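Reader: Could you take one part of this model and go through it closely, giving the cut-off behind each term as you use it? I would like a connected account of the place where the two chains meet.

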Amino acid sequence: MDEPTINDWLDRHHVERIRTHATTLDSIDIGKYVNRPKFVGTLQNGHSISDMALAMDVSGSPHLTFWHDFRTAHLGDIHLKPDLDTLIWDGIDPNLGHCICEFVTTSGEEISLCPRTLLRRMTNEIATLGYEVKATFELEFFLYNNSFDSARRRGYRDLEPVTATTMQSIYHARNAYRAKPFMDEVIKRLEWQRLEWESWNDEGGLGQIELNFPPADPVTAADRLCRVRQLMYEVAVDLDMSVTFMAHPSPGYSSGLHIHHSLVDTDCNPAFVDDNGRTPLLLNWIGGVLETIRGSTSVLCPTINSYRRLSEFSAPPVTQTWGEENKSAALRVISHTKNAARIEHRLAASDANPYLALAFILAGGLAGLKHELEPPEELNILGWGLPDDYERLPRTILKAAEALDMDDYLKEIIGEDVVEYWINSRKWEWLSFHTSGADPDSSHTTDWEYERYFELI
Amino acid sequence: MTVEVVTEEDAPPLVRVFANRFRLSLQRPQSQDLVSSLETVFSLKSTKNAQAVTITVSKGKLELTHGVAPNSDIVVSMDFDNPKASTHMSGQWRHPFAAYRVGKLLSLPLPNWADSAKRFWAMTCNEPNVPAKVTITCTDEDRSLSFGEGETATEIIGRSAVLEDVLAGNTLMLHLVIGGKLRYRGTMEHLAGLSQAGQKIMLGELHG
């Protein structure tokens, strides 16, 4: 959209203020409320924001012990550059619009560390090979009858999950009915904002819900997920409830972020399967995604809390495996049907950054294509409880960071500067946890994790 | 005999920090003698939280693991953030000789600030975002040392005890600058680089 078109759009929707949104490395939605003249007047290079905005952790502490070249030597500004194709009407506030931005320098140049920019770059690289990516996320979260203020006063413990029973169950009509007032409001606002959704259901954990979306291009899919997380937070605030996207808020099941993706060619034909079944491209793609999965675990499971989810027989994968319709493997491959052919990557935790998670998965696939990597033997058995000769995925934030540091494929495709900064940020997270005095042997979610992740992730 | 200091797999920071301290202290021959004749298991635990480290000393080797091992002869309770605060030791009556040696082991002197500065520079000068030239000034000795080459030097200014601590990798430079115990003249980029390099020493990622 150019400036006249923007003005026309703002007039027609009576929008006088725009909330800008950008997603940090830790998946925090940040931005500003901008008035219309300022928004329209800064379309080309965006509006300013402290460079610390892209260099701070979940708790808002700046990253002061490592560096990236986008930062100015004496602290300064960067910009949030709006992507005008993402401009939408709020629906609740009649004069408010929302627009998703990317972090750029003050002169408008891309910053490699911006998660959205990185995902766009991966998508474009795949496009140069003649393929388009379709992707979607399964969003899992926990819902409580306590307001955020009340939950905070309780230290986020002993909350009242939105559930009909104390037994863990799934697809249960009674559980779902308890969540329906909240979800009805969510769906209403989604539809006002023209954000597509497909279905929702109660999940296995107490108060756990899953929301599904139709496939879209990667950036749109990630944009939508970030918007929905914020929208759900707002609905929870308005209804005196609380919702959390932290991976493991309570004993029992945890929240994942299963990521489905597929490739189609320029004529929209599936690239993963053809009339003869699985294509060589699919096998190389699986080979690359699995070859890099140990390194990408760092991004797919980004927090201390993410790793509480990774235990055998509790739904997430624990091995570097793939299999047809195998939900106990890291990659569930669906290749028996041409039209729905896809890969479901089942490792990501719900607290993952959707831009980074998908970017690293696509980077793995690209590595597979570029280096013609072959996948390991298909897993036609259960992926949990396997003998020790099946190597396990990293089980701590530091081990995952170390695995990423050893991954030359991801460094090559993602960029060494981004990988190095990310590793430093995970070491920072690890140090923050341990130096806060948290018990490293605690088998339960700690106060530190609740305080850091429950409301902010 | 060279004393070996090893840590458990995936060790938490506290274990790594103490391993670094021991490696540094044990560079002195008299410190090596202290360890080579000691056979004990002792633990250090925080008076404020769940952080703890167990050190097994056997056959001239120090093995560090997190937590308080049940077979510890001696348990020292201390404030890790304030090592000068009073400590409490249990087990010293049953193991008086070991307790005496452990006390000595925990109070082994660090190299002086000038030696630490040379070591720090040798280990970190090629690390990312470390400035090309650094001048370190010790205020109580009224003495400066410069390292590297360049037109402008990044300056680090402090008392000898603080410099010994930070240059040995015991404390993060950033925290001391923010806390006013160290003065610093330079860019944010270089402060980040120096702090990260010090952190690598602290965690045993850089050896010298």
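Author: Between chain A and chain B the count is two salt bridges, a salt bridge being a side-chain nitrogen of Lys or Arg within 4 Å of a carboxyl oxygen of Asp or Glu. Glu9(B) forms a salt bridge with Lys399(A), and the closest N and O atoms of the pair are 2.4 Å apart. The model is a predicted one, in which local features need pLDDT of at least 70 and side-chain atom pairs count only at pLDDT 80 or more, while totals for chains, interfaces and linings use all residues. Residues are numbered from 1 along each chain as its sequence is written, chains are lettered from A and ligands numbered from 1 in the order in which they are written, and side-chain values use heavy atoms, with hydrogens and water left out.

Eight residue pairs, both members at pLDDT 80 or more, are in polar contact between chain A and chain B; a polar contact is a pair of N or O atoms within 3.5 Å, where within protein one must be able to donate a hydrogen and the other to accept it, and residues adjacent in sequence count only if both atoms are side-chain atoms. On the side of chain A that touches chain B, the elements giving two or more residues are helix H10 (397–405) and helix H12 (416–435) of chain A, where helices are DSSP runs of H or I with at least four residues, numbered from the N terminus. H12(A) gives the most to this side, with six residues. By class, the side of chain A that touches chain B has ten nonpolar, seven polar and six charged residues, with Ala, Val, Leu, Ile, Met, Phe, Trp, Tyr, Cys and Pro counted as nonpolar, Asp, Glu, Lys and Arg as charged, and the others, Gly among them, as polar.

The contact (heavy atoms within 4.5 Å) takes 23 residues from chain A and 24 residues from chain B. The two chains bury about 2,000 Å² between them, 59% of it on carbon and sulfur atoms; this buried area is the accessible area (1.4 Å probe) that two parts lose on being put together, summed over both. Leu64(A), Thr65(A) and Trp67(A) supply 30% of the area that chain A buries against chain B, more than any other three residues.
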